[in-house]
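Hi,

Here is the structure I said I would pass on. Have a look at it first, and then read my notes below.

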Amino acid sequence: MDRTMSKARAVLRRLPSCLALGAIAACAVSQQQEVELGANTAAVIDTTLPLIRDASVQNYINNLGNQLARVTDTRSLAWHFTVVDSKEVNAFALPGGFIYINRGLIERAQNMSQVAGALGHEIGHVTLRHSVQQMQQAQGANTGVGLLCTLTKVCNSGVSQAAINLGGTALFAKFSRTDESEADAEGVKTTVLAGIDPQGIPALFRILLDERTSNPSAVDAFFATHPLEEDRITATQAQIAAYPPAQLQKLTKDNAAFQTFRRRLMALPPSPVPKK
């Protein structure tokens, strides 16, 4: 892990310096730097978080993720989709096309369109380069190579297996409300382009809001990193309503492949208890 962190720090050192926040637009992070930082951070995550290694689960999430990514990606990124073996509800994106979705979110979803909507939202963070903007702002604020430590908490002494929160709350995941709204809009567009019903996005939001009332601890991680109120449901529903009803009716809400995938996931051994 130390070697991986050194690589990530080296990437951050090579990022161009900005003298002031007003100069961020001129402080460009190249796609190569973005992908390299994402890959090095993913290497830390992959040895720290418990991941689902089941081949059929991994194949399905990769196929669904790439079905979505290929209709919106204009930069020919190599996308990676991974299921985290955590009962907590969350999903997060790293720079360069590394998407993680928690088992707890998938198990709460009722159909394919809801999981596709969550993936489409995270893909939107990558295509809109929200993490890169965070890096640029941090450079402008002169935080330099400490950024990765701030976002992942992997620079603390005695980091070991507890370094990264199982819910993903310490990762490149805490975006502004504007970023979240933009990613929602991208998620709607992406699902439609991929032939999937976008109603899964507000429907999943509703499920999570209802659970926040009945069992708040189960969704704390999601709400810590994804500010969610009724206005996001209203906004996505308004965007969906702008599409012709005939077009929406042709889109896929669910299929047997998703339900088989979900049953397979739920049949696996219980997720490990998060370390304190």
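Let me start with a strand, β1, which is mostly covered: 4 of its 5 residues are buried. Keep in mind throughout that this is a predicted model. On one side β1 has β3 (residues 98–102) for a partner; the two run parallel and are joined by 5 bridges.

What is the order of the strands? It goes β1-β3-β2, an open sheet of 3 strands with mixed pairing. The edges are β1 and β2 (91–94), each of which pairs on one side only. On average, neighbouring strands are turned by 20° against each other, ignoring direction. Helix α2 (residues 31–46) packs on this sheet, where it touches β2 and β3, and its direction makes about 35° with that of β3.

The β2 and β3 pair is antiparallel, with 4 bridges, and Phe 92 stands opposite Tyr 100 of β3. The two strands make a hairpin with 3 residues between them, and Gly 96 in that turn has a positive phi of about 85°. Although β2 is an edge strand, both of its faces are covered: Ala 91 and Ala 93 are buried on one side, and Phe 92 and Leu 94 are buried on the other.

Next, a helix pair. Two packed helices are described by the angle between their axes and the distance between the axes. For α8 (residues 177–193) and α11 (residues 230–241), the angle is about 35° and the axes are 10 Å apart. Their crossing is right-handed. From α8, the residues Glu 180, Asp 184, Ala 185, Val 188 and Lys 189 meet Arg 232, Thr 236, Gln 239 and Ile 240 of α11. What kinds of residue make up that contact? They divide into 3 nonpolar, 2 polar and 4 charged.

Two backbone spots are worth a click. Most residues other than glycine have a negative phi, and most peptide bonds are trans. Ser 76 has a positive phi, near 55°, and is not a glycine. It sits in the loop between α3 (55–69) and β1 (80–84). Ser 76 is exposed, with a relative accessible area of 69%. The other spot is Arg 129, also not a glycine, with a positive phi of about 60°. Arg 129 is in the loop between α5 (112–127) and α6 (130–140). At a relative accessible area of 24%, Arg 129 is partly exposed.

For the overall picture, the chain has 13 helices and 3 strands. Of its 276 residues, 54% count as buried. Taking contacts between residues at least 6 apart in sequence, 74% of them join residues at least 24 apart.

Finally, confidence. The pLDDT averages 78 over the chain, and 68% of the residues score at least 70. Residues 16–26 have pLDDT below 50, and that stretch makes 18 contacts in the model beyond near neighbours in sequence. Residues 139–173 also have pLDDT below 50, with 97 contacts beyond near neighbours in sequence. Where pLDDT is low, the predicted coordinates should not be read in detail.

Cheers

Technical notes
Residues numbered from 1 in each chain as written. Predicted model: local features only at pLDDT ≥ 70, side-chain atom pairs only at ≥ 80, totals over all residues. Heavy atoms only, no water. pLDDT = per-residue confidence, 0-100. Contact = heavy atoms within 4.5 Å. Buried < 20%, exposed > 50% of the residue type's maximum accessible area, 1.4 Å probe, protein only. Axes fitted to C-alpha atoms, helices over the stretch in contact; angles between N-to-C directions. Left-handed = near helix turned anticlockwise from the far one by under 90°. Nonpolar A, V, L, I, M, F, W, Y, C, P; charged D, E, K, R; others polar. Pairing = 2+ DSSP bridges.
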